[in-house]
Amino acid sequence: MLKFLRRYLTHVQNSVLEGDVTEGDIEEIRTRVDEMLNPGESTIIYRVSSEKMVERTVFGDDPAADDQFL
């Protein structure tokens, strides 16, 4: 699952990923995640429509910083 989601999102912490995706990408993610889940597993997608509605504070090194990825 992580390998698939890294195609679209940035791995931030343990099972947390974040990023900007298109409507087409989110539909592909929803479909594939639903297919990959085993019984008893779940995935939560938080959709934020505006940066004005989210405050993101990072303490320490920001794992989403581009310079940390090859």
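The legends below describe close-up views of a predicted model.

**Figure 1. Overall fold of the protein.** Two helices and two strands form the secondary structure, and they follow one another along the sequence as α-β-β-α. Of the 70 residues, 10% count as buried. The protein exposes about 6200 Å², of which carbon and sulfur atoms supply 48%. Among contacts between residues at least 6 apart in sequence, 39% join residues at least 24 apart.

**Figure 2. The largest nonpolar core.** Five residues make up this core: Phe 4, Leu 5, Leu 9, Ile 29 and Val 33. Two elements, α1 (2–5) and α2 (23–36), each give two or more residues to the core. In soluble globular proteins, nonpolar side chains tend to be buried together.

**Figure 3. Surroundings of Ile 29.** Leaving aside residues up to four places away in sequence, Ile 29 touches Phe 4, Leu 5, Tyr 8, Val 21 and Ile 45.

**Figure 4. Polar contacts of His 11.** His 11 belongs to strand β1, which spans residues 10–13. The His 11 side chain makes a polar contact with the side chain of Arg 6 at 2.8 Å. A polar atom of the His 11 side chain also lies 2.5 Å from the backbone oxygen of Asn 14.

**Figure 5. A nonpolar surface patch.** Val 48, Met 53 and Val 54 make a patch of about 300 Å². Met 53 is found in the segment after α2. Met 53 counts as exposed because its relative accessibility is 66%, and the cut-off for exposed is over 50%.

Technical notes: Residues are numbered from 1 along each chain as its sequence is written. This is a predicted model: local features need pLDDT of at least 70, side-chain atom pairs count only at pLDDT 80 or more; totals for chains, interfaces and linings use all residues. Side-chain values use heavy atoms; hydrogens and water are left out. A nonpolar core is a set of buried Ala, Val, Leu, Ile, Met, Phe, Trp, Tyr and Cys residues joined through side-chain atoms within 4.5 Å. Buried means under 20% relative accessible area, exposed over 50%, partly exposed in between (1.4 Å probe, protein chains only). Helices (H or I, at least four residues) and strands (E, at least two) are DSSP runs, numbered from the N terminus. Contact means heavy atoms within 4.5 Å. Patches are made of residues with over 30% relative accessible area and no salt bridge: like charges are joined within 9 Å, nonpolar side chains (Val, Leu, Ile, Met, Phe, Trp, Tyr) within 5 Å. Accessible areas come from the Shrake-Rupley method with a 1.4 Å probe; for residues, only the protein chains shown count as cover. A salt bridge is a side-chain nitrogen of Lys or Arg within 4 Å of a carboxyl oxygen of Asp or Glu. A polar contact is a pair of N or O atoms within 3.5 Å; within protein, one must be able to donate a hydrogen and the other to accept it, and residues adjacent in sequence count only if both atoms are side-chain atoms.
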